[in-house]
Amino acid sequence: MAGLRIKELVKSYGPMNVLHGVDLDVRDGEFLVLIGPSGCGKSTLLRMIAGLDDISSGELWIGDRLSNGLAPQQRNISMVFQSYALFPHMTTRKNIGFGPKIRREASGAIDAKVNKAAETLNLHAYLDRLPRQLSGGQRQRVAMGRTIVREPDLFLFDEPLSNLDAKLRVQMRTELKALHQQLKTTMVYVTHDQIEAMTMADRIVVMNGGRIEQSGTPLELYDRPVNKFVAGFLGSPAMNFIPGTLERGDGQPRMRTQEGFTIPVGDTAAKSGQEIEIGIRPEHYRLADNDEGFPYQVAVVEPTGSETHLFGTIAGIDARCVFRDRIAPEPGSQMMLTIDPAKVHVFDRKTGDRI
């Protein structure tokens, strides 16, 4: 096993920079997830770690080895791609054992590694099947088995679950997390799916425009996003943002919306009269008692069984609310909502930074 250290890593294509001096340390045995929108540089960073893309400048250390100039096969890493890339004419046993065979390992050692990987991934019943006889989840497990037999210092995953249906994705998330807990090997996982990131990661790195916006545990990023981008990117349904002006006086600070009503906010460094934007997560709204609170105009009601999702507007701004109660307001009606001020996130309207 080995950790990973990245110093001022830059990737350029001619005059265009794709990564802008990325600094990142990954602890030995950590499950780190890189997340961000398409084009943010997360897959490029992963390919540079793997040695598939050249480094324009900066340093890449795998364990105690400077790895800038090392070929992929010299880095002792294994990578699982979005495509399973299995050999269609080979059984599961031969697909998993192909790498050790190419490295000319002893047949007894190969059999032991294949059996151990099959036991870890619950593949013993499928060892003699061809890829076309396997489900999508089983094929992905075979692809992971092929990486396990290498016994790498570092596992790399490039959106490995994106080809699976919703039910299989949930199952494979659990299996991948359990695999990490069993192997205790460093893993770097790229995805654009924030649910995967929140449920699997020891630490999440949010990227945007070739830069790291924030790094931390899933709950740190969810509860204390450093800016509006991170706040809006993590969470499903996404955080709602409402603009207004901060007012201070006796009691709790509050934001006055453009429609004239106020919403209480928690402790913030924002000054009275400052133009701000508050962020509220959909699950944090509550029904107000005795018509106190702020108005919510209901447009669509979506019952899911365990929750009720409402889509409507607050101060003319689109907002989604999630309630555990089975409420049934009429579309077009108005409700009064309230919010715990401590759960309101305050951002500078000009910079997007948390204040």
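Me: How many helices and strands does the protein chain have?
Reply: Helices (H or I, at least four residues) and strands (E, at least two) are DSSP runs, numbered from the N terminus. Here the protein chain has nine helices and 20 strands. This is a predicted model: local features need pLDDT of at least 70, side-chain atom pairs count only at pLDDT 80 or more, and totals for chains, interfaces and linings use all residues. Residues are numbered from 1 along each chain as its sequence is written, and side-chain values use heavy atoms, with hydrogens and water left out.

Me: What share of the protein chain counts as buried?
Reply: Buried means under 20% relative accessible area, exposed over 50%, partly exposed in between (1.4 Å probe, protein chains only). Of the 355 residues in the protein chain, 49% are buried. The C-alpha atoms fill a box of roughly 75 × 45 × 30 Å along the principal axes.

Me: In what order do the four strands of the open sheet run?
Reply: Two strands pair if DSSP finds at least two bridges between them. The order is β2-β1-β4-β5, with antiparallel pairing. β2 (16-26) and β5 (65-66) each have a single partner strand, so one side of each is left without a neighbour in the sheet.

Me: Which residue stands opposite L66 in β5?
Reply: W61 does. Strand β4 (residues 57-62) pairs with β5 over two bridges, in the antiparallel sense.

Me: Which helix packs on this sheet?
Reply: Contact means heavy atoms within 4.5 Å. Helix α1 (residues 42-50) touches β1 (4-13), β2 and β4.

Note on methods
Axes are lines fitted to C-alpha atoms, for helices over the stretch in contact, and angles run from 0 to 180 degrees between N-to-C directions.
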